[in-house]
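Subject: Structure handover

Hello,

Here is the structure we talked about. Please open it and keep it on screen while you read my notes.

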Amino acid sequence: MSELERPLAVWTEDGVERTALWRSESGTRPPRHIRVADDRMTADAAYKLACEGTALLWRGDYHGARQLLSALGRRVDRKPPKAGANPRETFHLYRQAQSRRARVLGMLLVPLDSGPRGENGYAVPLRRAPEIREACAEAYGAEGGDAGHSLVPLRELLGVIGAHEWRQRGVPVPALGGDRVHPAYGVFSPVRGEYVDLVARTQLPPGGLAFDIGTGTGVLAAVLARRGLARVVATDQDERALACARENAERLGVARQVSVVAADLFPPGTERAPLVVCNPPWLPAKPVSPLEHAVYDPGSRMLRGFLSGLAERLLPGGEGWLVLSDLAERLQLRTREELLGWIAGAGLAVAGREDARPRHKRSADPSDPLHFARGAEVTSLWRLKRAE
């Protein structure tokens with residue numbers, strides 16, 4: 001979003017009406033009511049105001065703001081999500097609770113300026129604020145000193161800073177011999193390694209070409225290139241993902257083999273491949289922010305689009321690898337029969353399946369409201385071929 005398109009936040013301070021650009025990567029609108037606050041405000045008072053829809057523009061100590069945000073989170077979490085009558089209802093109640101949590105915590109705002117002396121970059125003009133210019137430039141883009149004054153939810157700014165730290169140190173990937181993939185802000189990080197391991201261990205069909213649909217960080221394209229494929233065409237429609245995949249291909253030494261192209265699903269043209277890989281978002285639910293598109297696939301659009309177009313992009317004898325968790329089935333958001341019906345309806349047949357159990361922390365956390373599903377979850381690589 002350009003600065004001309006960005007909405008304005010409006011508030012009154014010291015008897016004067018003020019405005020600032022509004023930044024929210026989650027897509028929320030500027031709060032209608034904004035009140036100036038500092039270290040004198042108690043957590044209980046802040047929580048009451050936030051629940052009532054009044055945002056707090058912080059003018060105190062930066063670390064005080066972080067402490068207040070943590071205190072608000074503890075107060076929100078006093079009311080855990082209720083269990084529904086069935087898994088599907090429990091999931092939707094969980095989503096509602098998460099949405100409410102994000103809304104309340106998003107009411108604590110901090111100012112963001114071009115710099116203390118008008119230089120290029122970003123700065124938080126609060127006591128003890130960290131250096132954030134590089135992190136913000138990665139998330140928001142490099143901007144000049146005329147970017148002006150803006151407001152951003154502290155919760156989102158901490159996400160920007162955290163993403164920068166992830167990008168700096170990278171995520172070790174065992175399937176790449178421990179080499180690291182560096183995720184960009186807003187691009188799904190390969191912290192759940194079981195789906196990468198499935199692609200690394202499944203026997204490749206003959207041929208030296210593969211398509212990686214919805215590449216994200218480019219981790220699967222890199223794994224395929226490291227396995228000896230001469231050419232991998234990796235697609236995505238998100239600009240951040242495209243830049244991230246290209247950067248990782250360079251870092252991992254596979255840039256000559258991996259071509260990253262902008263596309264919605266399949267590469268432009270009619271070229272066919274002996275192998276087409278896709279790891280779509282696993283849950284058929286509506287994202288409530290742009291950053292959730294890596295997790296939620298409304299109406300299973302990407303999944304069904306991949307299946308419906310796969311047969312005509314496979315070479316004779318080729319395989320499509322669909323990497324998918326069964327979490328949606330365990331939450332009653334989709335049935336196994338529906339999935340098999342979409343596969344058959346697309347002129348495809350299942351040639352085999354490789355399974356893996358997740359190793360992430362939530363799968364072993366009984367306090368998670370969705371533990372009943374996460375604890376039993378299985379991630380599968382479906383090997384699909386054209387039906388005879």
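Start with the largest cavity, which holds about 50 Å³ of space. A cavity here is a set of points, on a 1 Å grid over the protein atoms alone, where a 1.4 Å probe fits but cannot get out. Grid points are joined across faces, edges and corners, and the volume is the space filled by probe spheres set on the points. The structure holds one cavity of 30 Å³ or more.

A word on the source. This is a predicted model, in which local features need pLDDT of at least 70, side-chain atom pairs count only at pLDDT 80 or more, and totals for chains, interfaces and linings use all residues. Residues are numbered from 1 along each chain as its sequence is written, and side-chain values use heavy atoms, with hydrogens and water left out.

Which residues line the largest cavity? They are Leu324, Ser325, Asp326, Glu329, Arg334, Arg336, Leu339, Val378, Ser380 and Trp382. A lining residue has an atom within 4 Å of a point. By class, the lining has four nonpolar, two polar and four charged residues. Ala, Val, Leu, Ile, Met, Phe, Trp, Tyr, Cys and Pro count as nonpolar, Asp, Glu, Lys and Arg as charged, and the others, Gly among them, as polar. Strand 13, helix 11 (336-345) and strand 15 each give the lining at least two residues. Helices (H or I, at least four residues) and strands (E, at least two) are DSSP runs, numbered from the N terminus.

Two strands pair if DSSP finds at least two bridges between them. Axes are lines fitted to C-alpha atoms, for helices over the stretch in contact, and angles run from 0 to 180 degrees between N-to-C directions.

Inside this sheet, strand 12 (residues 273-278) and strand 13 (residues 314-325) pair in the parallel sense over five bridges. Leu275 has Glu319 of strand 13 as its bridge partner.

Strand 4 (residues 54-58) and strand 5 (residues 108-112) run parallel and are joined by two bridges. Leu57 is partnered by Leu109 of strand 5.

Look next at Asp38, in the loop between strand 3 and helix 1 (43-51). Leaving aside neighbours within four places in sequence, Asp38 is in contact (heavy atoms within 4.5 Å) with Trp58, Arg59 and Gly60. The C-alpha atoms of Asp38 and Gly64 are 8.2 Å apart, with the two residues 26 apart along the chain.

Last, helix 5 (residues 154-169) and its partners. How do helix 4 and helix 5 pack? Helix 4 (residues 133-140) meets helix 5 at an angle of about 95°, with the axes 9 Å apart. The two are therefore roughly perpendicular (65 to 115 degrees). Their contact has seven nonpolar, two polar and three charged residues.

The axes of helix 2 (residues 62-76) and helix 5 come within 11 Å and cross at roughly 105°. This contact has six nonpolar, no polar and two charged residues. Among them are Tyr62 and Leu69 of helix 2 and Leu158 of helix 5.

Best wishes

How values were computed:
On a 1 Å grid over the protein atoms alone, a cavity is a set of points where a 1.4 Å probe fits but cannot get out, and a pocket is an open set with protein on both sides within 12 Å along at least five of seven lines; lining residues have an atom within 4 Å of a point. Angles under 35 degrees count as roughly parallel, over 145 as roughly antiparallel, 65 to 115 as roughly perpendicular and the rest as oblique.
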